[in-house]
Amino acid sequence: MKKRIALVTGGYSGEAVISYKSAVTIENNVDKEKWDCYKIDINPEGWFYETANGEKITVDKNDFSITLNDNKITFDAVLIGMHGTPGEDGKLQGYFDCLKIPYTSCDAATSALTFNKRYTVAVAAFAGINVARSLHLFKHIPVTPQEILNELKLPVFVKPNNGGSSIGMSKVNEAGELQAALDKAFNEDEQLLVEEFIKGREFTIGVLKSKGNIIALPITEIISKKEFFDYEAKYLGASEEVTPAKVEENIAEEIRAAAKKVYSVFNCRGIVRIDFIFNEVNQKPYMLEINTVPGQSEASIVPQQVKTMGWSLKEFYSALIEECFNN
């Protein structure tokens, strides 16, 4: 009998639109001969499974089940396809842990930690992983632009501390631009990360565990047509993504080694995507952030890397599902 897999999508944040795009790719590539896949939409209006004829069936949150034609359906595992809260910040992971349902993402603790960009770089630095100098700001504790510039050198990046898809993010080149960037980011989050700019090439790499082995996917170089890899560059074509990256093997090996170390230090599970800047001054990779539920739409980087490695997406999602039963 085939195991039942719940593909969760949607979410409560602005990243829901990306989640729905990722869910299309995932649903189209789950091996139907191995798994029965049910897409569960979690959104502010409720938790639903939509039937083929458009009927919305409410999920019973007591045991994460649905009832179809008087038959109660429970799930053997959950495939996390949700960016932002509550699918990327540990909330759903904690819920599934309570129900003893395995899932394909990092656990609750790792998800919560890596969703907070400042805490992520703090832990990484403690483990000897290179990161940029940064400040952690809170909306309820006012800080002036000058106080920030007393600590950090321009240019800086200002970004919401929680969340992804580069929503609310700015690059600040001049002191007079800083307050507007702070205001923009505080519209998205109660906490901000202000981070010194590192000049160098930008790379990103997917990492997963399969059959107990940590596997680094082919590296992608991001060449943004904008000043940085923002929402428009990520999703609206304003960037060039070169997979595999045209980079010297010694640099590629440094990035792969750093990515595998990050995966181990943070006790990651499933597929994560780790962003790096290769510092042109000291010739070392600097970790920017960890995406524990990376985008998987047709335009996204992880599917590009999977195909470049020679896997089909069907093989990839089967590997993720199979590995989650070993956690």
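Author: H1 lies across E1, E2 and E7. The helix runs at about 150 degrees to E1. Helix H2 (residues 91-99) packs on the sheet as well, touching E1, E2, E3 and E7. The direction of H2 makes about 175 degrees with that of E7. This is a predicted model, and every value here is computed from it.

Now the sheet itself. Strands of a sheet pair through backbone hydrogen bonds, either parallel or antiparallel. Here 5 strands form an open sheet, and the pairing is mixed. The order is E4-E3-E2-E1-E7. The edges are strand E4 (56-58) and strand E7 (77-80), each of which pairs on one side only. From one strand to the next, the twist averages 35 degrees.

Take the pair E1 and E2. Strand E1 (residues 3-10) runs parallel to E2, and 8 bridges join the two. Within this pair, threonine 9 stands opposite aspartate 41 in E2.

Thr9 and Asp41 are both part of its lining. From helix H1 (16-29), strand E2 (35-43) and strand E3 (46-50), the lining takes at least two residues each. E2 gives the most, with 4 residues. The lining also includes Tyr20, Glu27, Cys37, Tyr38 and Lys39. Phe48, Tyr49, Glu50 and Lys56 are among the lining residues too. By class, the lining divides into 5 nonpolar, 1 polar and 5 charged residues. The volume of this pocket is about 180 Å³.

H1 has another partner. Two packed helices are described by the angle between their axes and the distance between the axes. The axes of H1 and helix H10 (residues 313-324) come within 8 Å. They cross at roughly 95 degrees. An angle of 65 to 115 degrees counts as roughly perpendicular, so H1 and H10 are roughly perpendicular to each other. From H1, the contact uses Thr25, Ile26 and Asn29. From H10, Leu313, Lys314 and Tyr317 take part. The classes in this contact are 3 nonpolar, 2 polar and 1 charged.

The axes of helix H3 (residues 108-115) and helix H4 (residues 117-126) come within 5 Å, crossing at roughly 105 degrees. That angle makes H3 roughly perpendicular to H4. On the H3 side, the contact residues are Leu113, Thr114 and Phe115. They meet Lys117, Tyr119, Thr120 and Val123 in H4. This contact has 4 nonpolar, 2 polar and 1 charged residues.

Rolling a probe the size of a water molecule over the atoms shows where empty space is left. Counting cavities of 30 Å³ or more gives 2. The second largest cavity holds about 50 Å³ of space. Leu79 and Ile80 are part of its lining. The edge strand E7 (77-80) spans the positions of both residues. Thr104, Ser105 and Ile271 also line this cavity. Thr292, Val293, Gln296 and Leu320 are in its lining as well. By class, the lining has 5 nonpolar, 4 polar and no charged residues. The lining of the second largest pocket, for its part, includes 5 charged residues.

Conventions. Residues numbered from 1 in each chain as written. Predicted model: local features only at pLDDT ≥ 70, side-chain atom pairs only at ≥ 80, totals over all residues. Heavy atoms only, no water. 1 Å grid on protein atoms, 1.4 Å probe; cavity = no way out; pocket = protein on both sides within 12 Å on 5 of 7 lines; lining within 4 Å. Points joined across faces, edges and corners; volume = space filled by probe spheres on them. Nonpolar A, V, L, I, M, F, W, Y, C, P; charged D, E, K, R; others polar. Axes fitted to C-alpha atoms, helices over the stretch in contact; angles between N-to-C directions. Parallel < 35°, antiparallel > 145°, perpendicular 65-115°, else oblique. Contact = heavy atoms within 4.5 Å. Pairing = 2+ DSSP bridges.
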